Amino acid sequence: MRALVASLLLAIVPATAVAAPSTTATQRVGNLDGVAVVDRLDASELAPGQVHRFWFRAGESAIAQGWYVPVIVVRGAHPGPRLLLTAAIHGDELNGIDVIQQLVAGIDPAKLSGTVIAVPGLNTPGLLHSTREFVTRDDHAADNLNRLMPGDPDGGAAAAYAARLWRNLLRPNTDTTIDLHTQSRGTAYVLYAFASNARARRIAELIGPDVIKLDLGVKGTVENEMVRDGVPAITLELGAPEVFDTAMVKRGVAGIRNVMHEMKMLPGGATLPVTGLYGATFTGNALTQVEAPRAGFARLLVPLGSTVTKGQPIATISDAFGRITDTIAAPRAGVVNTVFTDPRREAGSVVARIVYWSDDPACRDGC
Ligand SMILES: [Zn+2]
């Protein structure tokens, strides 16, 4: 992989004359293996009825070479809304890359109304290092890009990288945003959407996930900052990290196509409900995390996606000799939307998460 990256970087042909900076127009600054390199993108300038590909230069590494982010723009032959799809802002969360690549391959621009702006891999250094974080040489700092939006040009490598993405690529090219993730290392999600307002909930429902969590949003996420700016957005979590999960990806592609039908970007209407692996979508507004009471080897007693009752045993912890030290019970009834996949659990590490509906008025829209 490193040799490939090196050859890609060597293949960059620097622009000899760069046009004067504009605040809105696309800025082409070079060429990388036959694909235009841009510092700024305005998808509305691109020719309709075609697929366009770019490398977006999102920053520079400590060896003065660019960090490049792939961008695919499917510019429909007919006018319509702009749908932004992003993946792998956490560099070990790969299913969204496959969703975008397969979704885009299946869209005929001649039949598309509007524009799909797809970014299959936001966190280039994280992808290279197989890590959730944005990795820099700056004291080996590791930042969570999905807490840094809309970024800060003067805030260090990660914040500046986030600012370029936000200002020059993401925010100027969207009317609706779906940000694709998975659970973190050692754990897995069901197909799971966060939604923080009515339109986001509708988008989530059209995808047909197993679980929707109504949520007030987390500052600095792509989803939250889009919603704060008036752009409907969801975070969609697809299973486990570090894999292309064929079944999960297929559901993601079908779900987003369903959203595109509802948005009149594709011919034909949306269909509801899209049934999840576990039946109908469960919508909750509260979540509890179940943690290992002590270190050891965990064994799961209920499958991911299970509906559990309060007090139901959901996992055991064993010591190094296989002796069960703890049986962990569900603290409340709900749907298990996360489980561990790596049995090695430190004390306090997540064993499961349970989404449920709370009647507390303070939790009406998520807590
Ligand atoms: Zn993530």
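In which sense do β12 and β13 pair, and over how many bridges?

1. Basis of the note. This is a predicted model, in which local features need pLDDT of at least 70 and side-chain atom pairs count only at pLDDT 80 or more, while totals for chains, interfaces and linings use all residues. Residues are numbered from 1 along each chain as its sequence is written. Helices (H or I, at least four residues) and strands (E, at least two) are DSSP runs, numbered from the N terminus.

2. β12 and β13. The two strands pair in the parallel sense over 4 bridges; pairing requires that DSSP finds at least two bridges between two strands. A193 has I212 of β13 as its bridge partner. Between the two strands the chain passes through α5, and this β-α-β crossover is right-handed. That term applies if, with the strands pointing away from the viewer, the path from the first strand over the helix to the second runs clockwise.

3. The other partner of β13. Strand β15 (residues 282-284) runs parallel to β13 and is joined to it by 3 bridges. Here V211 has F282 of β15 as its bridge partner. Strand β13 (residues 211-214) is covered on both faces, with V211 and K213 buried on one side and I212 and L214 buried on the other. Buried means that 20 or more other C-beta atoms lie within 10 Å of the residue's own; exposed means 12 or fewer, partly exposed is in between, and C-beta atoms are placed from the backbone.

4. Helix α5. Its buried residues are A200, I203, A204, E205, L206 and I207. The cover over them includes β10, β12, β13, α6, β14 and α7. Just after α5, G208 takes a positive phi of about 70 degrees.

5. V227 in α6. V227 lies in helix α6 (residues 222-228). Why does V227 count as buried? It has 21 C-beta neighbours inside 10 Å. Leaving out residues up to four places away in sequence, V227 touches S196, N197, A200, G217 and A233, a contact being two C-beta atoms, placed from the backbone, that lie within 7 Å. V227 and G217 are 10 residues apart in sequence, and their C-alpha atoms are 8.8 Å apart in space.

6. Helix α7. This helix (residues 246-262) has 17 residues and reaches 25 Å from its first C-alpha to its last, close to the expected 24 Å. The expected span is 1.5 Å times one less than the number of residues. M248, V249, R251, G252, G255, I256, N258, V259 and M260 are its buried residues. They pack against β6 (78-87), α2 (95-105), β10 (176-181), β12 (191-195), α5 (198-207) and β14 (233-238). Just after α7, K264 takes a positive phi of about 65 degrees.

7. β6 and its partners. β6 pairs with strand β7 (residues 113-120) in the parallel sense over 7 bridges, and L84 has I117 of β7 as its bridge partner. Together, β6, α2 and β7 make a right-handed β-α-β unit. β6 also runs parallel to β10, with 5 bridges joining them; in this pair the partner of T86 is D179.

8. The two domains. The domain assignment of the protein chain gives domain 1 (2-262) and domain 2 (287-363); such bounds come from an automatic or database domain assignment. Their C-alpha centres lie 32 Å apart. In contact across the boundary are 11 residues of domain 1 and 12 residues of domain 2. On the side of domain 1 that touches domain 2, β11 (187-189) and β13 each supply at least two residues, and the largest share, 3 residues, comes from β11. By class, that side has 6 nonpolar, 3 polar and 2 charged residues. Ala, Val, Leu, Ile, Met, Phe, Trp, Tyr, Cys and Pro count as nonpolar, Asp, Glu, Lys and Arg as charged, and the others, Gly among them, as polar.

9. An antiparallel sheet. An open sheet of 4 strands has the order β20-β19-β17-β22, with antiparallel pairing. β20 (324-329) and β22 (344-345) are the edge strands, each pairing on one side only. Strand β19 (residues 313-318) is joined to β20 by 5 bridges and runs antiparallel to it; the bridge partner of P313 in β20 is A329.
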